[in-house]
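Please walk me through this structure in the viewer. Tell me what to select at each stop and what is there.

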Amino acid sequence: MNIIEKNNIFNYKASSLEKFYFSILIIFIISSIFINIPTDTTNIGISSTNLAIGDRSFYINNSLKGYGYPNYSGNILYPTVLKIITSICDLFGADEYSKLWNTLNIFITSLLSLITLRLLRASSSLIFNERISKISCLIYILNPYTYYYSLSGGLTNYIVVGVSLIMYLICYLYKKGGLITNKHSLITNIVINISCIYLSLLRPSGGIFGTVFLIIFLYKYIRIYIQKKSFNKFRFANIFITVLGLLFVSHNLKTVFNYSFANVNIFLNEKGYYFGYSRELLRSKLKIDNLTILENLKMALYYLSWKITDFVSGISDIRDTHKAQIVNNLFPFILRTTTGIFFLFPINLFSFLGILLNIRLIIKTELWIVLISSFAAISPSLLGVAMSRYLIMFFPPFILFAAKMINDTLQGADIT
């Protein structure tokens, strides 16, 4: 069996880490039947009387569409999944607050998390080696949010698995020789485009990811074909499929423009505190208005420093969240900040260093397309609201290079 066949995701046997994660996940799911796990709003787990799927009233309500708000609505795929689950529950006389409804949602998100782990393992094996693959899996398994988003039944894992699949396919294409023009690359390209469309149907950030990814992907195809100075049916099909995919993704992004614009306004006017300092007060003090050039420059530098720091601390959950002051449950806040300081921030730092030190590999493997698309998808958080779930939705490529950096650090310290 050659390296390509060995690293085909369908040829992998379950590793000890995958079995371990499955066992822990099952324990959490069974425990949630008897134990309420509190969140900022209600609870997660099977026993929850109002499953905290995140923005629940937005994704499922009694409006004409069944989701969204009067002035705007979001992407259609996730609300459709919830409608289907609700219809199934109706057959058994259960509603959207029942244990059956919770179980079906949690089953789907837990299954998606298992698939994500398999894709992450396969991707890191294709690009690096088995040791780094194990570290990647460990990062994923040790992340408390991995279990939180599985037990919440929310949207996050739907996006994570889509990003993971695209990352895996790029890694697989690299092992196959890059963006080659045969039947194999055509099939892979079709799956990549479907995955981008899938992401664009879930959330505006998924649409941003898909749009940026397919624009770059299309450019890469056209550039390769111009360099080869010839076209064939596979090359023409690749361009046609990518253009078609880009049109679908762009259309989906356009349909939720009002929703995206409303979120941007929320981001720009985020309330709460920034390390104990009122954001509204800070915003008023940093206005550039009728000042000297030097004062304006100083205000601009202060503002930039604030936004970057707020972004980095926000996605790592190590600062006051935008609504922490109105949350009654203490446990979620303590767990979030503890996870941020001792897990997310170190992993994000390792990832940043890993990306910087592996630029050549990133360019060679075309993973830069995935990274740039992920950066673009989370970039709106720079405007104000930065939360860990916005990063975790696009976390797989960052996990990959965090694992590489951790491995290199351990080897440099002669730790085996």
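**Stop 1: the largest cavity**

The lining of the largest cavity consists of nine nonpolar, five polar and no charged residues. (Nonpolar covers Ala, Val, Leu, Ile, Met, Phe, Trp, Tyr, Cys and Pro; charged covers Asp, Glu, Lys and Arg; the others, Gly among them, are polar.) The model is predicted: local features need pLDDT of at least 70 and side-chain atom pairs count only at pLDDT 80 or more, while totals for chains, interfaces and linings use all residues. Residues are numbered from 1 along each chain as its sequence is written, and side-chain values use heavy atoms, with hydrogens and water left out.

Select Y140, N143, T146, V160 and I392, which lie nearest the centre of this cavity among its 14 lining residues. Then colour α5 (99–127), α7 (144–152), α8 (156–175) and α19 (396–412), each of which supplies at least two residues of the lining. Helices here are DSSP runs of H or I with at least four residues, numbered from the N terminus. The space inside is about 120 Å³, and the search of the whole structure finds one cavity of 30 Å³ or more.

On a 1 Å grid over the protein atoms alone, a cavity is a set of points where a 1.4 Å probe fits but cannot get out; a pocket is an open set with protein on both sides within 12 Å along at least five of seven lines; lining residues have an atom within 4 Å of a point. Points are joined across faces, edges and corners, and a volume is the space filled by probe spheres set on them.

**Stop 2: the second largest pocket**

Next select F311, V312, I315, F352 and F375, the residues nearest the centre of the second largest pocket, which has 17 lining residues. Its volume is about 450 Å³. Show α14 (293–315), α15 (330–357) and α17 (367–378), which each give at least two residues to this lining; α15 gives the most, with six. The lining has 13 nonpolar, four polar and no charged residues.
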